[in-house]
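Open the model in a viewer and keep the sequence panel beside it. The stops below are meant to be selected one after another.

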Amino acid sequence: MARPRRPLLSRERIVGAALALVDAEGLDALSTRRLAAELGVSGPSLYNHLATKEELLDAVVDTVVGEVDITMFARVVDGGTSWRAALHDWAHSYRAALAAHPNIVPVLAQGPGHRPNALRLADAVFGGLVDAGWPRGQATRIGALMRYFVTGSALGSFSRGFPDDARVYAGRYPHLSEAHLLADHQRAIDDGAFDAGLEALLDGLELRYSRLVTARPPAE
């Protein structure tokens with residue numbers, strides 16, 4: 001039996017091609033017709049693997065979430081690391097995944113839905129915090145807070161939002177006399193802002209956790 005000229009269509013191949021298309025051209029470029037053309041197949045053949053465009057987009061988003069490391073929360077459970085260190089390392093891994101696929105952030109920010117990797121992530125964060133001694137309600141809010149912070153940082157670059165023309169600022173915005181230089185230092189500024197914000201956030205949680213531990217009655 002002759003070998004097929006093209007690799008057989010699979011869910012993984014479809015999702016991979018869709019993610020590559022979104023990465024290259026944005027969410028608006030993703031359509032059944034365009035994706036079928038990229039794969040060299042007919043449009044209806046895609047539906048044998050993914051029933052709707054929404055299911056396809058969910059699978060694409062979940063693939064990105066699957067790149068986020070959550071193993072540090074298992075080490076919280078066995079006492080191998082602190083909840084603070086786990087949140088710190090997870091936030092950096094999460095941001096790195098979003099930085100590699102920035103066009104997917106608006107959909108990812110909507111929540112986990114039925115996405116398996118996203119639900120595993122939420123379960124790991126919540127479980128790690130609860131096992132570290134956080135009350136369930138506060139653990140839920142901390143998980144949401146961290147997600148808001150990381151996804152917000154991935155929505156755009158502060159530095160690149162400033163025109164590189166010094167004339168824009170001259171005479172009108174005296175405190176922005178060097179704002180035209182910000183784009184040249186985008187990586188350092190954006191990374192530094194993320195690190196500073198993350199440390200400030202974790203410092204605040206550390207204080208709250210200290211008060212929580214102090215308020216607990218001594219164990220019998």
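**Before selecting**

This is a predicted model, in which local features need pLDDT of at least 70 and side-chain atom pairs count only at pLDDT 80 or more, while totals for chains, interfaces and linings use all residues. Residues are numbered from 1 along each chain as its sequence is written, and side-chain values use heavy atoms, with hydrogens and water left out.

**Stop 1: the two domains**

Colour residues 11-64 as domain 1 and residues 68-215 as domain 2; these bounds come from an automatic or database domain assignment. Taken over C-alpha atoms, the centres of domain 1 and domain 2 are 28 Å apart.

Now show the interface. Here 13 residues of domain 1 are in contact with 13 residues of domain 2, contact being heavy atoms within 4.5 Å. The area buried between domain 1 and domain 2 is about 1,100 Å², and carbon and sulfur atoms give 62% of that area. Buried area is the accessible area (1.4 Å probe) that two parts lose on being put together, summed over both. Which residues of domain 1 lose the most area to domain 2? They are V61, D62 and V64, together giving 54% of what that side buries.

**Stop 2: helix α1**

Select residues 11-25, which form helix α1 with its 15 residues. Helices (H or I, at least four residues) and strands (E, at least two) are DSSP runs, numbered from the N terminus. From first C-alpha to last, α1 reaches 21 Å, close to the 21 Å expected at 1.5 Å a residue; the expected span is 1.5 Å times one less than the number of residues.

Show the side chains of I14, V15, A18, L19, L21 and V22, the buried residues of α1. Seen down the axis of α1, these buried residues fall within an arc of 160°, so they line one face of the helix. The arc is that of the directions from the helix axis to the C-beta atoms. Buried means under 20% relative accessible area, exposed over 50%, and partly exposed in between (1.4 Å probe, protein chains only).

On the other side of α1, E12 and A24 are exposed. The cover over the buried residues of α1 includes α2 (32-39), α3 (43-46) and α4 (53-65). After α1 comes G26, with a positive phi near 100°.

**Stop 3: annotated regions**

Select residues 8-68, which an unreviewed UniProt entry annotates as "domain: HTH tetR-type". Over residues 8-68 the chain is 66% helix and 0% strand, with the end C-alpha atoms 28 Å apart.

Residues 31-50 are 60% helix and 0% strand, and their end C-alpha atoms are 13 Å apart. UniProt positions are given in the numbering used here, feature names are shortened, and annotations may be inferred rather than shown by experiment.

**Stop 4: single residues**

Go to E38 in helix α2. E38 is partly exposed, with a relative accessible area of 47%. Its C-alpha is 7.5 Å from that of A17, 21 residues apart along the chain.

Next, pick Q138 in helix α9 (residues 136-154). Is Q138 buried or exposed? At 18% relative accessibility, Q138 counts as buried. Not counting residues up to four places away in sequence, Q138 touches R208 and L212.

Finish at D164, in the loop between α9 and α10 (186-215). D164 counts as exposed, at 60% relative accessibility. Between D164 and G43 the C-alpha distance is 44 Å, with 121 residues separating them in sequence.
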